[in-house]
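The sequence and structure are shown first.

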Amino acid sequence: MLLVLGVSGRAVMGIMGWSNSAMAVRYQHMTDQVRRDIAQQFGGLLWGDSPRRPGEPGDGQPDGPEQGK
């Protein structure tokens with residue numbers, strides 16, 4: 001879950017109390033969502049299409065209640 005939240009490997013090790021990276025390799029599992037996010041970010045770097053996260057301006061989702069209506 002920490003990977004899905006985008007927490008760095010070093011921070012995960014500290015939170016989980018792991019003293020070496022072998023513990024992270026053993027207990028952290030790559031999820032399909034993490035793979036997709038990485039691929040999207042990498043594609044953005046290659047082709048200049050910056051990835052949008054839900055809630056960010058330009059993500060295609062409404063920003064909230066319309067003002068003045």
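A residue is called buried when its relative accessible area is under 20%, exposed when that area is over 50%, and partly exposed in between. The model discussed here is predicted. By this criterion, buried residues account for 12% of the 69 residues in the protein chain. The accessible surface of the chain amounts to about 6000 Å², and carbon and sulfur atoms contribute 57% of that surface.

**Secondary structure**

The protein chain contains 3 helices and 0 strands, arranged along the sequence in the pattern α-α-α. Helix α3 covers residues 32–47. Its 16 residues should span 22 Å at 1.5 Å a residue, and the distance of 22 Å between its end C-alpha atoms agrees with that expectation. The buried residues of α3 are Val34, Gly43 and Gly44. After α3 comes glycine 48, which has a positive phi, near 70 degrees.

Aspartate 32 is exposed, because its relative accessibility is 52%, whereas arginine 35, at 48%, is partly exposed.

**Aromatic pair**

The structure holds 1 aromatic pair. Its members are tryptophan 18 and tyrosine 27, whose rings are stacked, at 6.0 Å centre to centre and with 25 degrees between the planes. The angle falls under the 30 degrees that mark the limit for stacked rings, and therefore the pair is classed as stacked rather than tilted. Tryptophan 18 counts as buried at 15% relative accessibility, while tyrosine 27 counts as partly exposed at 43%.

Phenylalanine 42 is exposed, since its relative accessible area is 52%.

**Accessibility of the residues discussed**

The table collects the relative accessibility values given above.

| Residue | Relative accessibility | Class |
|---|---|---|
| Tryptophan 18 | 15% | buried |
| Tyrosine 27 | 43% | partly exposed |
| Aspartate 32 | 52% | exposed |
| Arginine 35 | 48% | partly exposed |
| Phenylalanine 42 | 52% | exposed |

How values were computed
Residues are numbered from 1 along each chain as its sequence is written. This is a predicted model: local features need pLDDT of at least 70, side-chain atom pairs count only at pLDDT 80 or more; totals for chains, interfaces and linings use all residues. Side-chain values use heavy atoms; hydrogens and water are left out. Helices (H or I, at least four residues) and strands (E, at least two) are DSSP runs, numbered from the N terminus. Buried means under 20% relative accessible area, exposed over 50%, partly exposed in between (1.4 Å probe, protein chains only). Rings of Phe, Tyr and Trp (its six-membered ring) pair if their centres lie within 6.5 Å; planes under 30 degrees apart count as stacked, over 60 as edge-to-face and the rest as tilted. Accessible areas come from the Shrake-Rupley method with a 1.4 Å probe; for residues, only the protein chains shown count as cover. The expected span of a helix is 1.5 Å times one less than its number of residues.
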